[in-house]
Every structure is written in structure tokens, then in C-alpha cells.
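Open the model in your viewer and keep the sequence panel beside it. This tour goes stop by stop: what to select, then what is there.

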Amino acid sequence: MELAFSGEVWFWRGPAPWYFVSVPEAACRELEAASDVVSYGWGMVPVTAHLGPTSWKTSLWPKDGGYIVPLKAAVRKAEDVEEGDTVEVRLTVDL
């Protein structure tokens, strides 16, 4: 399964701060349908994420009935991405 969308980069200031992009609602419905097959626990969905030419293995995190894509520091640096930027994300769900 492949999904593509754009979204704003946001920062979570919790005890372990991290940057994310929220998956749009329509794509979340597709992911929810596949999650029973691919999730390895806690609703996490393994994917290969692509931001520009940069790709990495990660897992989508369930949040508030949807999913969020964690953005590693190395990815943000390679693609010159900061909080508030709108980015184009492609996801390949690892089936």
C-alpha cells in the first residue's frame, strides 16, 4: 500500500520531544483497514517513509484516532525541514 499527502511539521514538547507530520483523515481510514494485518502492537504501523529523496524505515504512531509520522533529526536536516513547514510525504506500508 502506498500513500502520498502533504502536511505541516509540528513539534511535541513532551519528556522526549519529537517532530511529526499528521496523516490526513482519508489516508488514516486506509491505514486503519490495513492495521489489523500489519500492526505489531499498540497500533503501530511499520512503513518506509519518503520525504524528498530521503527515505527511512519507521512506524506510524496512533494518535487521537489517526496516525502521525515521526521525523528523525537526520531526515529534517537532510531535507532542511523545520517546525511549521508543509512537506510532501510518501508512505509505503510494509505488508
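**Stop 1: the aromatic rings**

This is a predicted model. Begin with the aromatic side chains: a search of the whole structure turns up 3 aromatic pairs. Select phenylalanine 20 and tryptophan 61. Their ring centres lie 4.9 Å apart and the planes meet at 65°; planes over 60 degrees apart count as edge-to-face, so this pair is edge-to-face. Now look at where the two residues sit. Phenylalanine 20 belongs to strand 2 (residues 18–22) and tryptophan 61 to strand 4 (residues 54–63). They are 41 residues apart, and the pair links distant parts of the chain.

Is phenylalanine 20 buried or exposed? Its relative accessibility is 1%, under the 20% cut-off, so phenylalanine 20 counts as buried. Tryptophan 61 is partly exposed, at a relative accessible area of 33%. Ring pairs join Trp10, Phe20 and Trp61 into a cluster.

**Stop 2: the barrel**

Switch to cartoon view. The strands form a closed barrel: 6 of them, in the order 1-2-5-4-3-6, with antiparallel pairing. From one strand to the next, the twist averages 45°.

Next, colour helix 1. This helix packs on the sheet and touches strand 1, strand 3 (45–51), strand 4, strand 5 (66–71) and strand 6. The direction of helix 1 makes about 85° with that of strand 5.

Now take the strand pairs around strand 1. On one side, 7 bridges join strand 1 to strand 6, and the two run antiparallel. A hairpin connects strand 1 to strand 2 through 5 residues.

Strands of a sheet pair through backbone hydrogen bonds, either parallel or antiparallel.

**Stop 3: the nonpolar core**

Hide the cartoon and show nonpolar side chains. In soluble globular proteins, such side chains tend to be buried together. In this model the largest nonpolar core has 25 residues. Select Val23, Leu31, Val45, Leu60, Val69 and Leu91: these have the most contacts inside the core. Which elements give two or more residues to this core? They are strand 1, strand 2, helix 1, strand 3, strand 4, strand 5 and strand 6.

Centre on leucine 31. Leaving aside residues up to four places away in sequence, leucine 31 touches Met1, Leu3, Val23, Val45, Leu60, Tyr67 and Val93.

**Stop 4: a buried serine**

Move to serine 59, in strand 4. Its relative accessible area is 11%, under the 20% cut-off, so serine 59 is buried. What does serine 59 touch, not counting residues up to four places away in sequence? The contacts are Tyr40, Met44, Val45, Pro46, Val47, Ile68 and Pro70.

**Stop 5: the salt bridges**

Finish with the charged side chains. Side chains of opposite charge can pair when their charged atoms come close. The count here comes to 3 salt bridges.

Select arginine 13 and glutamate 83. They form a salt bridge whose closest N and O atoms are 3.9 Å apart. Arginine 13 is in the loop between strand 1 (2–12) and strand 2, while glutamate 83 is in the loop between helix 2 (73–79) and strand 6 (86–93), so the pair ties together parts 70 residues apart in sequence. Arginine 13 is exposed, at 59% relative accessible area. Glutamate 83 is partly exposed, at 42%.

Go to helix 1 (residues 25–38) and select glutamate 25 and arginine 29. Their side chains meet in a salt bridge at 3.2 Å, N to O. The two residues are 4 apart, about one turn of the helix. Glutamate 25 counts as exposed, at 61% relative accessibility. Arginine 29 is exposed too, with a relative accessible area of 51%.

Last, select lysine 63 and aspartate 64. Their side chains meet in a salt bridge at 2.8 Å, N to O. Aspartate 64 is exposed, with a relative accessible area of 74%. Lysine 63, at 34% relative accessibility, counts as partly exposed.

Note on methods: Residues are numbered from 1 along each chain as its sequence is written. This is a predicted model: local features need pLDDT of at least 70, side-chain atom pairs count only at pLDDT 80 or more; totals for chains, interfaces and linings use all residues. Side-chain values use heavy atoms; hydrogens and water are left out. Rings of Phe, Tyr and Trp (its six-membered ring) pair if their centres lie within 6.5 Å; planes under 30 degrees apart count as stacked, over 60 as edge-to-face and the rest as tilted. Buried means under 20% relative accessible area, exposed over 50%, partly exposed in between (1.4 Å probe, protein chains only). A salt bridge is a side-chain nitrogen of Lys or Arg within 4 Å of a carboxyl oxygen of Asp or Glu. Two strands pair if DSSP finds at least two bridges between them. Axes are lines fitted to C-alpha atoms, for helices over the stretch in contact, and angles run from 0 to 180 degrees between N-to-C directions. Contact means heavy atoms within 4.5 Å. A nonpolar core is a set of buried Ala, Val, Leu, Ile, Met, Phe, Trp, Tyr and Cys residues joined through side-chain atoms within 4.5 Å.
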